[in-house]
Amino acid sequence: MPVKEQSPESEHELRLRNLKISDYADICEIMERVYAGMGGAWQVHEFENLISLFPEGQICIDDKGKVIAAALSLRINADDFEGKHSYEDVIADGDMVGNEPEGDALYGIDVFVHPDYRGLRLGRRLYDARKELCEQLNLKSILFGGRIPGYREYRNELTPLEYVNKVRSNEIYDPVLTFQLSNDFHIKKVMKNYIPEDRKSMSYGILMEWNNIYYEKRQKLFGGRKSYPRLGVVQWQMRPFQSFEEFIQQAEFFVDAVAGYQGDMILFPEMLNAPLLRNFNQENPAEAMRSLAEYTAPLREEFLRMALAYNINIVAGSVPEYRDKKLFNVSFLCRRDGTWDRQYKLHITPDEAQYWGLRGGDSLKIFDTDMGKVGILICFDVEFPELSRYLAAKGMNVLLIPYWTDTQNAYLRVRRCAQARAVENECYVAISGSVGNLPKVENMDIQYSQSAVFTPSDFAFPHGAIAAESTPNTEMPLIADLDFDLLRELRRQGSVRNLQSRRRDLYQIRWQNGESF
């Protein structure tokens, strides 16, 4: 029989794909070699954050499974980076504050090729892939700050602009700028101190742009993400209800009221259905709370109905949930598109454990909504700053805190911590609590509250860093307009920049799933 001839193994087997977190070791190896004199590789938390925020923008080429080249990008609002800026303004020490999920342009953070694979024109493949992504996402352009490593040799003879013009006219060859011009990018401006440690470029960067000729500007008629959403916060009166239907009727009153003012989201307080506890055995608070949990599924369905009927997103405070013979405290997010999600309370107070036998949840979520990314922390959870920092790293703009407190000193713990979270994470924080009394309801008899919406503290925000607050211990809805453009400006140009200024060379927070930030 004739012997079948074996095909010789190819030297290379290249594949273009999106980066994964498991590719970090390969990326680290390349960056350490390419940027040996400029800080070397990114830290793993920076790489993880980039993939988490914009996974489709992180493109690589692998050779038989090993990453040999990569292009990293963010999605931005082009207007935010048309003027002078630095590389650090974009990446913010790994926080990627420039990333905008609904942005109209790509920003090229980096393109690099393993030194052993140069000459294969891999850079051109990556640039083409970026352009294809820009077209697929219907973005108007690609922007980036390009290096001019050849300028150091001419620094005593030419200004940066003169050097750039000579490169453009092919009188001088620059290994980076010449390549970028050949890929249809055009020069917009010269930027001083773009990357201070880039000695070869004398710290200069060249703002480059490629325009997508297929771009079509579209105004969404509905469902678009708003820059100025309107938030309603309910300060809820704890009063006896004779039935579940009567309780729902009162909740719907507030939903109707806030929706009537074109609200985009409404927040209710922790344990808002506690008045129904009076219908159960008060001699055994733990048993009564488990009985109250029987209303949880019907309550979620009613709030989801209201979200659809009134065209408003609803954070349904929190309620008890009994499953697998364990009692939890859960907050439901009911979106106006008909979907829902939930966040469990993670930290349980000694009193909650003793009286009711509550257990803490084991995961923290960031929620996508039509008004951007929001986080939910239930009462005691806001006193642990690691949680909100995790959410901020995931892109949170609004932190929502349903709470229940019985005394003023308990309330002030929640309030002071909420205000701190707004400052340190450069976001809006809303707190919603309950007022009034519940006679003959064990462990829920008195309430104290002053609901509010807090802001960061800088010139562009209200004096006192309070957007709105209720009258203490009075049932009422609170309505505030949020300005996400102000948050973007604060994170790039604020008097202080908390997210950018964290010393990750000294400390990090590591989540149990391996993420660090």
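**Figure 1. Y215 in its loop.** Partly exposed means a relative accessible area between the buried limit, under 20%, and the exposed limit, over 50%. Y215 has a relative accessible area of 27%, so Y215 is partly exposed. Its place is the loop between β7 (205–211) and β8. C134 lies 8.8 Å away, C-alpha to C-alpha. In sequence, Y215 and C134 are 81 residues apart. As in every view here, the model is predicted.

**Figure 2. The whole chain, for orientation.** The chain has 14 helices and 22 strands. Its C-alpha trace spans about 85 × 75 × 45 Å along the principal axes. Of its 517 residues, 55% count as buried.

**Figure 3. The largest nonpolar core.** This core has 42 residues. W236, F247, I266, F268, F303, I314 and M444 have the most contacts inside it. At least two core residues come from each of β8 (230–238), α7 (244–260), α8 (285–292), α9 (296–310) and β12 (326–334). Helix α7 gives the largest share, seven residues. In soluble globular proteins, nonpolar side chains tend to be buried together.

**Figure 4. The R33–D116 salt bridge.** The closest N and O atoms of R33 and D116 are 3.4 Å apart. The pair links distant parts of the chain, 83 residues apart. R33 sits in helix α1 (residues 24–34), and D116 in the loop between β4 (105–113) and α4 (122–136). R33 is partly exposed at 43% relative accessible area, whereas D116 is exposed at 55%.

**Figure 5. The D104–K140 salt bridge.** The side chains of D104 and K140 meet at 3.7 Å, N to O. D104 is partly exposed at 22% relative accessibility. K140 is partly exposed at 25%.

Figure 6. D485 and R488 form a salt bridge, with the closest N and O atoms 1.9 Å apart. The two are three residues apart in helix α13 (residues 484–493), so about one helical turn separates them. D485 is partly exposed at 23% relative accessibility, but R488 is buried at 12%. Elsewhere, salt bridges that share partners join R15, R17, D23 and D62 into one network.

**Figure 7. A positive surface patch.** R152, R155, R199 and K200 gather in a patch of positive charge on the surface. R155 sits in the loop between β5 (141–146) and α5 (160–168). At 40% relative accessibility, R155 is partly exposed.

Technical notes. Residues are numbered from 1 along each chain as its sequence is written. This is a predicted model: local features need pLDDT of at least 70, side-chain atom pairs count only at pLDDT 80 or more; totals for chains, interfaces and linings use all residues. Side-chain values use heavy atoms; hydrogens and water are left out. Patches are made of residues with over 30% relative accessible area and no salt bridge: like charges are joined within 9 Å, nonpolar side chains (Val, Leu, Ile, Met, Phe, Trp, Tyr) within 5 Å. Accessible areas come from the Shrake-Rupley method with a 1.4 Å probe; for residues, only the protein chains shown count as cover. A salt bridge is a side-chain nitrogen of Lys or Arg within 4 Å of a carboxyl oxygen of Asp or Glu. Lys and Arg count as positive and Asp and Glu as negative; His and the chain ends are not counted. The place of a charge is taken as NZ of Lys, CZ of Arg, CG of Asp or CD of Glu. Helices (H or I, at least four residues) and strands (E, at least two) are DSSP runs, numbered from the N terminus. Buried means under 20% relative accessible area, exposed over 50%, partly exposed in between (1.4 Å probe, protein chains only). A nonpolar core is a set of buried Ala, Val, Leu, Ile, Met, Phe, Trp, Tyr and Cys residues joined through side-chain atoms within 4.5 Å.
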